[in-house]
Amino acid sequence: MEASDRCRRHLPVLLLWGVHQQINLCNESLMLEKLPVCGKFFEGMMKKVDSKKWCNLTEFIMYYNNFTQCTEREANNASCFWPNPLAERFITGIHKQYFSNCTLDNVHWEDPPDEILVTLILIPVILTCAMIMLVVWCSKRSDILV
């Protein structure tokens, strides 16, 4: 079978696929109706977590993962991409409700003690010098390389 025959045979399928793609428009109202179900489930799960630990992601990571998967599933069921502006707005509302007090304090960075700092600096410098000396020494000893 020639390539042109194969193209003619698959053309109607491709055209129908294009029509199918145009029919599957995002049903935003359905998505907005279903997303609160994900929020209610997440709210129920977060009641199990002490509110003082809401800023510690390790305390609720599984609940948040389930919430994220739920919002993605509901957006896809409504033939919508995920994330999309409406879903993001919903997720942002959940963030404001639970995580608005989780601002990061300015972390005060300080240098390690001098002994550790000198060691961390000198080890790579010494290793680099040793490797250079080894390469130079081996290159001068061409009788070994033969």
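User: Why is Asn 84 called buried?

Analyst: Please keep in mind that this is a predicted model. Buried means under 20% relative accessible area, and the value for Asn 84 is 11%, so Asn 84 counts as buried.

User: Where is Asn 84, and what does its side chain reach?

Analyst: Asn 84 is placed in the loop between H3 and H4. Its side chain reaches the backbone nitrogen of Leu 86 at 3.0 Å, and also the backbone nitrogen of Ala 87 at 2.8 Å. A polar contact needs a pair of N or O atoms within 3.5 Å, and both values, 3.0 Å and 2.8 Å, meet that limit. Leaving aside residues up to four places away in sequence, Asn 84 touches Met 31 and Ala 75.

User: What makes the bond between Trp 82 and Pro 83 stand out?

Analyst: The peptide bond that joins Trp 82 and Pro 83 is cis, with omega at about -5 degrees. Pro 83 is found in the loop between H3 and H4. Ser 79 lies in that loop between H3 and H4 as well, and its phi is near 60 degrees, which is a positive value in a residue other than glycine.

User: Why is Ser 79 called partly exposed?

Analyst: The relative accessible area of Ser 79 is 33%. Buried would require a value under 20% and exposed a value over 50%, so Ser 79, at 33%, falls in between and is called partly exposed.

User: How do you know that the span of helix H2 agrees with its number of residues?

Analyst: Helix H2 covers residues 28-46, which is 19 residues, and at 1.5 Å a residue these should span 27 Å.

User: What makes you say that the buried residues of H2 line one face of the helix?

Analyst: The buried residues of H2 are Met 31, Leu 35, Cys 38, Gly 39, Phe 42, Met 45 and Met 46. When H2 is seen down its axis, these buried residues fall within an arc of 115 degrees, so they line one face of the helix. On the other side of H2, the residues Ser 29, Glu 33, Val 37 and Lys 40 are exposed. What covers the buried residues of H2 includes helix H3, residues 61-77, and helix H4, residues 85-99.

User: How many disulfides does a search of the whole structure find, and why is the pair Cys 26 and Cys 80 called one?

Analyst: The search finds three disulfides. A disulfide is a pair of cysteine sulfur atoms within 2.5 Å, and the sulfur atoms of Cys 26 and Cys 80 are 1.8 Å apart, so this pair qualifies. With 85 degrees about the S-S bond, the link of Cys 26 and Cys 80 is right-handed. This pair links distant parts of the chain, 54 residues apart, with Cys 26 in the loop between helix H1 and H2 and Cys 80 in the loop between H3 and H4.

User: Are Cys 26 and Cys 80 buried or partly exposed?

Analyst: Cys 26 counts as partly exposed at 35% relative accessibility, whereas Cys 80 is buried at 4%, because buried means under 20%.

User: Why is the disulfide of Cys 38 and Cys 70 called left-handed?

Analyst: The S to S distance between Cys 38 and Cys 70 is 2.0 Å, and the torsion about their S-S bond is about -75 degrees, so the disulfide is left-handed. The pair links distant parts of the chain, Cys 38 in helix H2 and Cys 70 in helix H3, 32 residues apart. Both Cys 38 and Cys 70 are buried.

User: What handedness has the disulfide of Cys 55 and Cys 102, and why?

Analyst: A disulfide joins Cys 55 to Cys 102, with S to S at 1.9 Å. The torsion about the S-S bond of Cys 55 and Cys 102 is about -90 degrees, so this disulfide is left-handed. Cys 55 is in the loop between H2 and H3, and Cys 102 is in the loop between H4 and helix H5, 47 residues apart.

User: Which pattern do the disulfides follow?

Analyst: With bonded cysteines counted along the chain, the disulfides follow the pattern 1-5, 2-4, 3-6.

Notes
Residues are numbered from 1 along each chain as its sequence is written. This is a predicted model: local features need pLDDT of at least 70, side-chain atom pairs count only at pLDDT 80 or more; totals for chains, interfaces and linings use all residues. Side-chain values use heavy atoms; hydrogens and water are left out. Helices (H or I, at least four residues) and strands (E, at least two) are DSSP runs, numbered from the N terminus. The expected span of a helix is 1.5 Å times one less than its number of residues. Buried means under 20% relative accessible area, exposed over 50%, partly exposed in between (1.4 Å probe, protein chains only). The arc is that of the directions from the helix axis to the C-beta atoms. Contact means heavy atoms within 4.5 Å. A polar contact is a pair of N or O atoms within 3.5 Å; within protein, one must be able to donate a hydrogen and the other to accept it, and residues adjacent in sequence count only if both atoms are side-chain atoms.
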